[in-house]
Amino acid sequence: MKAVHFGAGNIGRGFIGLLLSQAGYEVVFSDVNEPLVRELQRRGEYEVTLAEEAGRQFRVGGVSAIDGRDPQAVAEAVASADLVTTAVGVGVLRHIAPGIAAGLQLRLARGGAPLHLIACENAIGASTILKQHVMELLSGQEREALAASTAFPDSAVDRIVPIQHHEDILAVTVEPFYEWVVNRSQLLPGAAEIPGVHYVDDLAPYIERKLFTVNTGHCSAAYAGYAKGFATIQQSMQDEEVAGFVRSVLRETGDMLVRSYGFDAAEHDAYIETILGRFRNPHLTDEVARVGRSPLRKLSREDRLVRPALLALEQGLPADRLAEAMGLALRFDEPGDPEAMQLQQALRELGPAGALAQASGLGAEHPLVQAAAASYEQEAQAS
Ligand SMILES: NC(=O)C1=CN([C@@H]2O[C@H](COP(=O)(O)OP(=O)(O)OC[C@H]3O[C@@H](n4cnc5c(N)ncnc54)[C@H](O)[C@@H]3O)[C@@H](O)[C@H]2O)C=CC1
Ligand SMILES: O=P(O)(O)OC[C@H]1O[C@](O)(CO)[C@@H](O)[C@@H]1O
C-alpha cells in the first residue's frame with residue numbers, strides 16, 4: 001500500500017509519516033525543499049525520537065520522496081496512491097491542488113481504485129478546503145466521475161513537533177502524545193480504517209476541543225511569553241503569570257466547549273491540565289516564534305482565538321481573556337514572520353482596533369475587537 005504525503009516537514013515526518021509507516025504503508029513524501037527531498041531519496045529512512053526521559057527512537061524505513069515542483073511526478077504519485085495525506089499548512093493547500101487534480105485525472109483515465117485524501121492541518125474542515133481547491137480545477141464531468149471513488153474526510157491532528165535543530169536534517173524529535181481523529185462519516189463505503197487513527201462519526205467536538213484547547217492555549221502562551229521577552233514556550237510556562245493567564249484563557253474556551261458539546265466539566269478540567277503539562281515538557285524546546293507564527297491566520301474569524309470567543313459571547317459567556325490574547329497577538333513583532341510584519345504595518349496604519357478588525361473580518365466596533373484593542377492599549381501604557 002502506498003501513501004503519498006505532501007509536506008515532509010515536522011508533522012509530516014514526525015507524525016503522519018511515522019504512523020503510516022507503522023500502519024504498513026510505503027510512504028512517498030512530496031516536498032518543495034530540495035535538500036530534504038534529496039536526503040529522503042538517498043537514504044530512504046529517518047529517525048524519530050520521543051521527547052521524554054527514556055528518549056525512545058523509531059526508525060521509519062521504506063520511505064521515498066518526489067520533488068513537489070515536478071508536476072508530472074506529483075500527478076503520477078497521486079495516480080498510483082492508495083492514500084493521500086497533507087501537512088503543508090492550510091494556506092499551501094491551494095498550491096498542491098493542481099498536482100492532485102492532475103493525478104485524479106490520470107486515475108480516471110486508468111480506472112484507479114477508490115482514494116481518500118486527508119489534510120492534516122490545524123484548521124476546521126481542512127480536507128474539505130483541499131477538496132474545494134481540487135474540484136475547482138476539474139470539469140463537471142470529471143467531478144461526477146470521481147464522486148463515487150474519491151473522498152476527502154476531515155481530520156484533527158494533535159502532536160507537538162517543534163522546529164528541529166539536528167545535524168541530520170531528517171531526524172525529528174516529537175512529543176510522545178499523539179492523536180489523529182478522522183471523520184468516519186466522510187469515508188467511502190467499505191473503506192479500511194488505518195491502524196492508529198481514531199475514527200469518529202462526528203468530528204466537530206473533537207476538532208473544536210483540540211483547536212480551542214491545545215492551539216488556543218499554545219498561541220496564548222506564545223503571545224504572552226513573547227510580550228515578556230521569553231524565547232520558548234517552556235520558559236514562558238515557567239512564568240507564573242503567563243501560565244495563569246493561559247489557564248484562564250482555557251477556562252473560557254472550556255466553559256464554551258462544555259456548554260456546546262456537553263463534555264463533563266471535571267473531565268474537561270483534567271484535559272486542560274494535561275495540555276498545560278504538554279506545553280511544559282522539559283524535553284522539548286519549542287520557540288514562541290514557531291507557536292505564534294502567522295498571527296493573521298491565528299486572528300482570522302474561524303481560527304483558535306476569534307471563533308471560540310464569538311461562540312462564548314453567543315452563549316452569554318465571558319471572553320475577556322481571549323480578547324486579551326488577541327491584544328497580545330498584536331505585540332508579536334517577529335521580524336522573520338511575514339504575517340507578523342503585515343500585522344505590525346496594519347497596527348501602525350490603522351491602530352489596534354483597525355488592525356484586529358482587518359485580521360478577524362469583524363467590524364472595528366465589534367465588542368470583541370474593542371475589548372482586545374483596549375487590552376492592547378492598557379498593556380502598551382503599562383510597559
Ligand atoms: N508542528 C506541529 O506540531 C503541528 C503542525 N500541524 C500542522 O501541520 C502543518 C505543517 O506544519 P509543520 O510540519 O509544523 O510545518 P513545516 O514547515 O515543518 O512543514 C511543512 C512542509 O511543507 C512543505 N511544503 C511547502 N509547500 C509545499 C508544496 N507546495 N508542496 C509540497 N510540500 C510543500 C515545506 O517545505 C515543509 O517541509 C500545518 O498546517 C500545521 O498547522 C498540526 C499539528 C501539529
Ligand atoms: O501550526 P500552527 O497552526 O501555526 O500552530 C502551531 C500549533 O501547532 C502545534 O504544533 C500542534 O497542534 C501546536 O503546538 C501549535 O499550537
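**Exercise 1.** What distance separates the centres of domain 1 and domain 2, taken over C-alpha atoms?

*Solution.* This is a predicted model, in which local features need pLDDT of at least 70, side-chain atom pairs count only at pLDDT 80 or more, and totals for chains, interfaces and linings use all residues. Residues are numbered from 1 along each chain as its sequence is written, with chains lettered from A and ligands numbered from 1 in the order in which they are written.

Start with the bounds: domain 1 covers 2-200 and domain 2 covers 204-382, as given by an automatic or database domain assignment. The centres, over C-alpha atoms, are 28 Å apart. In the contact, 14 residues come from domain 1 and 16 residues from domain 2; two residues are in contact if their C-beta atoms, placed from the backbone, lie within 7 Å.

**Exercise 2.** Is Val4 buried or exposed?

*Solution.* First, locate Val4: it lies in strand β1 (residues 2-6), where a strand is a DSSP run of E with at least two residues. Next, apply the cut-offs: buried means 20 or more other C-beta atoms within 10 Å, exposed 12 or fewer, partly exposed in between, with C-beta atoms placed from the backbone. Val4 is buried because it has 28 C-beta neighbours inside 10 Å. Leaving out residues up to four places away in sequence, the contacts of Val4 include Val28, Ala77 and Val84.

**Exercise 3.** Where is Ala8 placed?

*Solution.* Ala8 sits in the loop between β1 and α1 (10-22). Its 29 C-beta neighbours inside 10 Å are why Ala8 counts as buried. Beyond four places in sequence, Ala8 touches Arg13, Phe29, Asp31, Leu36, Leu40 and Ala65.

Definitions and conventions
Helices (H or I, at least four residues) and strands (E, at least two) are DSSP runs, numbered from the N terminus.
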